[in-house]
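Hi everyone, thanks for coming.

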Amino acid sequence: MTIRNDVAITPALVASHGLKPDEYQRILDLIGREPSFTELGIFSAMWNEHCSYKSSKKWLRTLPTSGPRVIQGPGENAGVVDIGDGDCVVFKMESHNHPSYIEPYQGAATGVGGILRDVFTMGARPIAAMNALRFGSPDHPKTRHLVSGVVSGVGGYGNAFGVPTVGGEVNFDTRYDGNILVNAFAAGIAKTDGIFLSQAKGVGLPVVYLGAKTGRDGVGGATMASAEFDDSIEEKRPTVQVGDPFTEKCLLEACLELMASGAVIAIQDMGAAGLTCSAVEMGAKGDLGILLDLDKVPVREERMSAYEMMLSESQERMLMVLRPEKEAEAEAIFVKWGLDFAIVGKTTDDLRFRVMHQGEQVADLPIKDLGDKAPEYDRPWVQPKLPAPLAASDIPQADVADALLKMLGGPDLSSRRWVYEQYDTLIQGNSLQRPGGDAGVVRVEGHATKALAFSSDVTPRYCEADPYEGGKQAVAECWRNLTATGAEPLAATDNLNFGNPERPEIMGQFARAVTGIGDACRALGFPIVSGNVSLYNETNGRGILPTPTIGGVGLIDDWSKMARIGFAREGDAILLVGAPDGWGTHLGQSIFLRDIHGRRDGTPPLVDLAKEKIVGDFVRALIRAGVVTACHDVSDGGLAVALAEMAMASGIGAELDPPSNIDPIPLWFGEDQGRYLVTVDASDKALLRDITEEALENGFRAPIIGRTGGHELKLFGARAIAVGELKTAHESWFPRFMDGQ
Amino acid sequence: MKSAVVLLPGLNRDRDMIAALTKISGQAPDTVWQTDTEIPDVDLIVVPGGFSYGDYLRCGAIAARMPVMRAVAEKAQKGVMVIGVCNGFQILLEAGLLPGALMRNASLKFVCREVRLQVANANTAFTRRYQPGQVIRCPVAHHDGNYFADADTLKRIEDGGQVVFRYAEGTNPNGSVNDIAGIMNARGNVLGLMPHPEDLIEDAHGGADGRPLFESVLGIAA
């Protein structure tokens with residue numbers, strides 16, 4: 001099939017490209033004539049939500065994006081943060097939600113491939129990956145199929161590419177039944193003086209196409225990602241790309257060699273909207289025009305039209321501006337790796353984006369209006385309606401031991417071993433903490449003591465109940481997870497997954513969540529340096545839970561002092577740093593309320609940002625002083641779950657001595673924020689006294705709540721549970737679920 | 001002792017292997033590329049893990065037919081020590097340097113976890129620094145590690161002491177026949193194994209149970 005360039009432009013055709021009538025009018029005003037079919041495709045690719053951020057830009061601008069260590073904030077392929085000694089960490093998180101629902105293996109695989117490319121396009125060698133996955137209810141007939149496909153897709157690509165997957169999230173909720181979330185994170189390390197950007201420089205210089213050949217796969221993918229789903233979604237399958245991790249691995253090695261050769265002026269990967277988006281971004285950022293000759297583009301299918309070539313989302317491709325005198329050297333590198341290298345155009349000084357195909361000019365558009373001057377909306381929004389808090393007397397009861405076992409053996413808190421054992425978690429030989437702890441930790445190659453910690457977090461049920469507090473909590477929990485290893489949180493990337501922004505209540509969720517994220521990032525000194533927005537996550541008019549995933553990176557000076565979650569030895573004192581009176585109080589929106597009593601009411605726990613910072617800094621200083629034997633933050637499921645996780649990680653039990661006059665339910669299952677469990681040598685009385693006193697001087701409490709030892713978890717007043725019984729409950733759910741039991 | 005690491009497009013544990021050999025022997029190994037027809041004068045050649053040529057054909061099948069593998073075979077014939085790990089093991093099988101085949105894991109899934117390995121034969125150039133029957137920790141990370149050989153071959157390698165490592169304590173992660181994790185040729189100079197000893201050689205790895213294998217073959221005192 002060949003698509004001609006002289007297709008008549010009808011209102012229906014415009015609408016099918018996702019362009020609204022006012023946007024089409026804007027196109028007519030800009031170019032003073034009817035666009036050609038290829039031009040319409042180019043506008044559609046550049047102005048869709050996915051590429052233009054037209055609904056979100058106004059709010060994204062409110063986020064803090066700079067800091068003393070930030071080298072590159074949002075706007076490039078990934079953010080860059082200084083880690084000292086001439087090294088920097090390059091990272092980003094990005095969604096591949098819609099493709100993964102339509103074709104889970106390839107959707108997830110190409111999501112991983114895309115984010116890895118974003119990182120190595122900037123000159124960094126990828127050293128760690130994570131993925132945050134949200135699926136529908138375990139009872140939904142498609143869920144198992146989607147879990148199986150997405151997990152093997154993530155593994156299939158990342159394992160073959162050769163990056164360790166060191167962390168992530170897997171959650172289930174019926175609100176993702178028709179719209180799962182696949183958020184892929186990648187980080188790499190580069191030299192601070194070896195960062196490559198996408199801004200083209202210099203007129204008349206060659207624009208070079210690198211990597212795999214162009215096919216018809218993914219044509220219109222970015223436009224698809226910017227539409228709501230309905231029951232005809234199966235028809236969209238051809239818009240999902242197919243991944244080739246082998247080519248990506250070769251492309252990585254070739255690009256790093258190419259960059260070392262000094263041949264690269266600017267480079268941009270071809271992601272969403274492929275050749276169109278990469279060429280326009282490079283030109284627009286450099287205030288240059290771009291002239292492309294599609295006859296030079298390496299293709300793997302015959303008779304591809306200009307429209308198809310411009311919108312193809314074939315994977316594993318790059319575009320760069322080349323230093324002309326290096327052409328032969330650059331081409332030799334790509335030939336060695338068996339990849340395509342073709343000069344497909346040049347930079348110009350006319351600020352036009354011109355595309356030639358078979359002697360005909362098929363597009364001639366103003367490049368700035370396609371790129372950095374694309375439309376922007378201030379969409380109407382309404383304040384989210386907040387739920388009523390639980391009444392003080394409303395404390396639903398349960399047997400503590402039974403409730404704990406049920407929660408640990410449930411969909412959200414059970415072990416993710418079934419998932420992460422399908423990922424290569426130790427390739428590169430630098431993984432110091434693999435999935436299952438608070439954060440993944442990878443040592444920095446070439447440095448004796450330095451390591452980086454990675455965590456991905458959000459609690460969508462909190463965000464649904466109160467988007468502002470939920471946004472704050474996502475940032476705080478990520479910061480806390482990094483801190484719990486002893487890392488200094490450096491910066492974060494945000495992957496904002498929401499419903500249809502044209503609905504004011506969804507836009508309200510978005511606006512309030514972003515405001516909460518911004519406030520938390522400012523208070524914690526944790527800037528957002530990259531990110532991605534995924535809107536229109538709806539099926540048949542029903543939106544997902546608002547899910548602003550935060551991926552954070554922290555720096556550990558000396559990994560020999562790093563903390564892990566497992567109880568390290570018998571007889572250590574257990575402290576609850578940041579404890580409220582009564583250790584735990586807040587049951588609203590808790591897992592206990594939801595999983596034991598089927599209730600989803602109440603307000604989510606508040607995050608006191610000032611206290612969060614003081615408590616976290618205190619815990620980190622303890623870890624760095626080398627006195628902490630284990631550390632774990634308290635989050636989903638509350639204190640009982642956190643203690644159980646520490647016991648299961650090492651097999652050592654614990655005995656707790658709670659105050660006798662407190663209701664045990666909020667104490668064990670409340671999800672109060674800003675708490676850490678820390679173990680230290682119980683015989684060091686001076687140390688214990690110093691910790692308790694210093695905490696009080698800083699305005700928070702760090703009571704000794706028990707001690708480690710034995711092979712049981714003894715929550716006072718509840719039946720003692722053998723650590724083995726906890727483990728059985730914790731490890732059983734996922735494999736049984738996937739076996740269809 | 002000098003060593004060389006074979007580099008092929010798609011291999012991705014080459015850096016792990018180069019780091020391990022460098023740390024243990026004190027000198028960086030030479031590297032040889034897919035199209036090289038000669039291998040420098042070394043005592044040990046390692047084919048590392050990964051997904052050579054994407055493993056888009058049968059694992060290791062394309063790699064086994066590259067020029068560099070002919071050179072490896074010639075060296076093996078002259079008695080040079082050769083180790084293939086993971087994809088490297090698959091490649092050595094496809095190249096005919098070792099007997100048997102590696103099939104898809106019985107679970108049909110990629111598996112990355114720590115297993116236990118029993119040193120089934122400590123009287124080899126690769127294992128002399130282990131105790132006979134010693135059980136060590138070692139990580140695995142593979143999709144196609146399910147070792148199989150026909151009954152005659154199996155009898156021959158079992159009787160000949162060619163089974164070097166077995167999965168121990170019920171940790172067989174892939175369904176391999178007789179829990180076989182690693183085998184050598186009859187002459188005893190070519191070893192193939194699925195687990196990754198190169199990823200367990202120092203404190204940062206949480207242990208060093210993989211180290212004696214390299215110390216054995218490189219003739220380095222522990």
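Leu8(B) touches Gln34(B), Ser52(B), Ala63(B) and Met66(B), leaving aside residues up to four places away in sequence; touching, or being in contact, is when the C-beta atoms of two residues, placed from the backbone, lie within 7 Å. Take Met66(B) from that set: Leu8(B) and Met66(B) are 58 residues apart in sequence, yet their C-alpha atoms are 9.0 Å apart in space.

Before I go on, a word on what we are looking at: this is a predicted model, where local features need pLDDT of at least 70 and side-chain atom pairs count only at pLDDT 80 or more, while totals for chains, interfaces and linings use all residues. Residues are numbered from 1 along each chain as its sequence is written, and chains are lettered from A and ligands numbered from 1 in the order in which they are written.

So, is Leu8(B) buried or exposed? Leu8(B) is buried, because 25 other C-beta atoms lie within 10 Å. The cut-offs are these: 20 or more other C-beta atoms within 10 Å of its own make a residue buried, 12 or fewer make it exposed, and anything in between is partly exposed, with C-beta atoms placed from the backbone.

Leu8(B) sits in the loop between S1 and H1 of chain B. By those labels I mean DSSP runs numbered from the N terminus: helices are H or I with at least four residues, strands are E with at least two.

Now follow the chain into H1(B), residues 14–25. Its 12 residues should span 16 Å at 1.5 Å a residue, and the end C-alpha atoms are 16 Å apart, which agrees; the expected span is 1.5 Å times one less than the number of residues. H1(B) is mostly covered, with 9 of its 12 residues buried, among them Met17(B), Ile18(B) and Leu21(B). What do the buried residues of H1(B) pack against? Their partners are strand S1 (3–7), strand S3 (44–47) and helix H5 (211–218) of chain B. After H1(B) comes Gly26(B), which has a positive phi near 80°.

Stepping back to the whole of chain B, we count 5 helices and 11 strands. Its radius of gyration is 16 Å, close to the 17 Å from the globule rule for 222 residues, so chain B is as compact as a globular protein of that length. That radius is taken over C-alpha atoms, and the rule is 2.2 Å times the number of residues to the power 0.38. Buried residues account for 57% of the 222 residues in chain B.

Let's cross over to chain A. The contact takes 22 residues from chain A and 22 residues from chain B. On the side of chain A that touches chain B, the largest share, 4 residues, comes from H10(A).

Most residues other than glycine have a negative phi. Tyr53(A), though not a glycine, has a positive phi of about 55°, and lies in the loop between helix H4 (49–52) and helix H5 (57–60) of chain A. Gln589(A) also has a positive phi, near 60°, and is found in the loop between strand S22 (572–577) and helix H20 (591–597) of chain A. Tyr53(A) is partly exposed, with 18 other C-beta atoms within 10 Å, whereas Gln589(A) is buried, with 26 C-beta neighbours inside 10 Å.
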